[in-house]
Amino acid sequence: MSRASTPERPQPTLPAKPGHTIERTDRYSREDIVAFAAACRDTNPLHTDDALAQRSRFGEVIASGQHTSSMLLGLLVTHFTQDTEPRPAEVLLLHVNFAFRGAIFANEEVRLQWRVVEVAWNAKLGGHVLVLDGGGATARARPALVARATLLVKSAS
């Protein structure tokens with residue numbers, strides 16, 4: 001007598017394929033830079049003090065690293081949690097790594113981008129695990145920020 005096996009639940013549609021890109025262009029005003037630094041309690045005067053920043057190697061106030069990294073993460077999570085079908089409804093960041101390569105100045109255009117590198121179904125976690133490479137670049141600082149993220153994307157039930 002053979003034992004019946006429980007059929008595995010079908011895997012949901014892939015949330016993205018390798019090579020898929022997500023991008024947006026931002027621009028932070030001087031006020032945005034100061035407000036973000038205050039909101040995340042970053043007291044580094046390079047983000048708020050014109051006189052000190054002018055004497056620094058940058059010559060002016062710069063955005064904090066967490067400012068651009070937060071905008072980059074927001075772009076990623078927002079993309080995969082949109083309400084349009086077949087977009088998944090739940091995204092969990094599993095791992096993120098950042099390297100800061102250049103300063104971002106007020107009113108400078110910043111191109112934020114992610115590219116899907118790998119997608120794999122993970123039955124234990126009940127979703128797709130994506131690995132993405134990303135970053136932020138300006139005309140002057142290419143790149144200003146590089147990143148790698150691993151996230152879990154679960155379909156709506």
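This is a predicted model: local features need pLDDT of at least 70, side-chain atom pairs count only at pLDDT 80 or more; totals for chains, interfaces and linings use all residues.
Residues are numbered from 1 along each chain as its sequence is written, and side-chain values use heavy atoms, with hydrogens and water left out.

**The whole chain**

Begin by selecting the entire chain in a cartoon view. Three helices and five strands are present; helices (H or I, at least four residues) and strands (E, at least two) are DSSP runs, numbered from the N terminus. Followed from the N terminus, the elements run β-α-α-α-β-β-β-β. Of the 157 residues, 36% count as buried, where buried means under 20% relative accessible area, exposed over 50%, and partly exposed in between (1.4 Å probe, protein chains only).

**Helix 1 and helix 3**

Next, select residues 30–39, which form helix 1, and residues 65–80, which form helix 3. Their axes are 9 Å apart and the packing angle is about 95°. Helix 1 is therefore roughly perpendicular to helix 3, a description that covers angles of 65 to 115 degrees, whereas those under 35 count as roughly parallel, those over 145 as roughly antiparallel and the rest as oblique. Axes are lines fitted to C-alpha atoms, for helices over the stretch in contact, and angles run from 0 to 180 degrees between N-to-C directions. Display the side chains of Asp32, Ile33 and Phe36 in helix 1, which meet Gln66, His67 and Ser70 in helix 3. Contact means heavy atoms within 4.5 Å.

**Thr150 and its surroundings**

Now select Thr150, which counts as buried because its relative accessibility is 18%. Leaving aside neighbours within four places in sequence, Thr150 is in contact with Leu92, Leu93, Leu94, His95, Val129, Leu130 and Val131.

One of these contacts, Leu92, is the next stop. Leu92 has its place in strand 2, residues 90–100, and is partly exposed at a relative accessible area of 41%. Together with Leu94 and Leu125, Leu92 makes a nonpolar surface patch of about 240 Å². Patches are made of residues with over 30% relative accessible area and no salt bridge; like charges are joined within 9 Å, nonpolar side chains (Val, Leu, Ile, Met, Phe, Trp, Tyr) within 5 Å.

**Salt bridges**

How many salt bridges does the structure hold? The structure holds seven, each being a side-chain nitrogen of Lys or Arg within 4 Å of a carboxyl oxygen of Asp or Glu.

Select Arg24 and Asp26, whose side chains meet in one of them (3.0 Å, N to O). Arg24 counts as partly exposed at 31% relative accessibility, whereas Asp26 counts as buried at 15%.

Move on to Arg27 and Glu109, where the salt bridge is 3.1 Å, N to O. Arg27 lies in strand 1 (residues 21–27) and Glu109 in strand 3 (residues 109–122), so the pair ties together parts 82 residues apart in sequence.

Then select Arg140 and Glu108, which also form a salt bridge (3.1 Å, N to O). This pair links distant parts of the chain, 32 residues apart: Arg140 in the loop between strand 4 (127–137) and strand 5, Glu108 in the loop between strand 2 and strand 3. Arg140 is partly exposed, with a relative accessible area of 45%, while Glu108 is buried at 14%.

Finish with Arg115, Asp133 and Arg148, which are linked in a network of salt bridges.

How values were computed
Accessible areas come from the Shrake-Rupley method with a 1.4 Å probe; for residues, only the protein chains shown count as cover.
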